[in-house]
Amino acid sequence: LVWLAFFTSPESPTQPTQTATPSSAPDFKLTDVDGNVFRLSEQRGKVVVIEFMQTSCPACISQEPNLRELRSKFGSDVVTLIVSVNPSDTDSVLRKHRDDNLIGWIAMGDRDQVYKQYSVESTPMIFIIDKNGYIQYQHVGVTESAVLISEVDSLT
């Protein structure tokens, strides 16, 4: 319970945060729920949106309509992925969650604790990475689709 309390964010939105000095996004390699290996460094040349989340997090569920709008606007032109920090989110749980709520998104469990490299302390937490692999924006808590779309648009 302490772990879940640590990783659960309130549903209130936060102000967008553009990184003052963009830092290189830490590379990682995880296997998605469909058995495909995903390596962040192989996405260079594309904008990448990563949401660290949990299927049991109320704020993460509230975030999903905004994520669907983002995906609807950019489609496969932007790499979109959800990374669950909750060990209880098995591949089958995440696959069903993605198929029911975030079609087109890559879904994976954070089996290697990538969240630590990104200093994730609550969910949802979103990172927008530019085509050169730099974190340009990050958000903690629910973030409106208009904000996310505007930020991604500025990088495409």
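## Cysteines

A disulfide here is a pair of cysteine sulfur atoms within 2.5 Å. By that rule, this predicted model has 0 disulfides. Two of the cysteines are still worth a look. C57 has a relative accessibility of 1% and counts as buried. C60 is buried too, with a relative accessible area of 1%.

Let us turn to the interior. In soluble globular proteins, nonpolar side chains tend to be buried together. In this model the largest nonpolar core has 24 residues, and V49, L70, W105, I128 and V152 are those with the most contacts inside it. Two or more residues come from each of the elements β4 (47–53), α2 (58–74), β5 (78–84), β7 (125–129) and α5 (145–155). Helix α2 gives the largest share of this core, with 5 residues.

Setting aside its neighbours within four places in sequence, L70 is in contact with V49, W105, L148, I149 and V152. Apart from this core lies another one, of 21 residues, which includes V79, L81, M108 and Y118.

How many residues of β4 are buried? The count is 7 of its 7 residues, so this strand is mostly covered. In a regular strand the side chains alternate between the two faces of the sheet. On one side of β4 are V47, V49, E51 and M53, and on the other V48, I50 and F52; all of these are buried, and both faces of the strand are covered.

Strand β4 pairs with β5 in the parallel sense, over 7 bridges. Within this pairing, I50 has L81 of β5 as its bridge partner. The chain gets from β4 to β5 by way of α2, and this β-α-β crossover is right-handed. With β7, strand β4 pairs in the antiparallel sense, over 5 bridges. There, F52 stands opposite M125 of β7.

## An aromatic cluster

F52 also leads us to the aromatic residues. The model has 5 aromatic pairs. In one of them, the ring centres of F52 and F127 are 5.9 Å apart and the planes stand at 90°, which makes the pair edge-to-face. Because F52 lies in strand β4 and F127 in strand β7, this pair ties together parts that are 75 residues apart in sequence. Both F52 and F127 are buried.

F127 has a further partner in Y118: this pair is also edge-to-face, at 5.0 Å centre to centre and with 70° between the planes. Y118 is buried, as is F127. Together, F28, F38, F52, Y118 and F127 make up one aromatic cluster.

Which residues does Q63 touch? This glutamine is placed in helix α2. Leaving aside neighbours within four places in sequence, Q63 is in contact with E51, P124, I126, G141, V142, T143 and L148. Its relative accessibility is 0%, so Q63 counts as buried. Among its contacts is E51, one of the buried residues of β4.

## Backbone features to check

Most residues other than glycine have a negative phi, and most peptide bonds are trans. Where does P124 sit? P124 is found in the loop between α4 (114–117) and β7. The peptide bond that joins T123 and P124 is cis, with an omega of about -5°.

Q113 has its place in the loop between β6 (106–109) and α4, while S119 lies in the loop between α4 and β7. Are these residues buried, partly exposed or exposed? Q113 is partly exposed, with a relative accessible area of 37%. For S119 the relative accessibility is 52%, and because exposed means over 50%, S119 counts as exposed.

Technical notes
Residues are numbered from 1 along each chain as its sequence is written. This is a predicted model: local features need pLDDT of at least 70, side-chain atom pairs count only at pLDDT 80 or more; totals for chains, interfaces and linings use all residues. Side-chain values use heavy atoms; hydrogens and water are left out. A nonpolar core is a set of buried Ala, Val, Leu, Ile, Met, Phe, Trp, Tyr and Cys residues joined through side-chain atoms within 4.5 Å. Buried means under 20% relative accessible area, exposed over 50%, partly exposed in between (1.4 Å probe, protein chains only). Helices (H or I, at least four residues) and strands (E, at least two) are DSSP runs, numbered from the N terminus. Contact means heavy atoms within 4.5 Å. Two strands pair if DSSP finds at least two bridges between them. A crossover is right-handed if, with the strands pointing away from the viewer, the path from the first strand over the helix to the second runs clockwise. Rings of Phe, Tyr and Trp (its six-membered ring) pair if their centres lie within 6.5 Å; planes under 30 degrees apart count as stacked, over 60 as edge-to-face and the rest as tilted.
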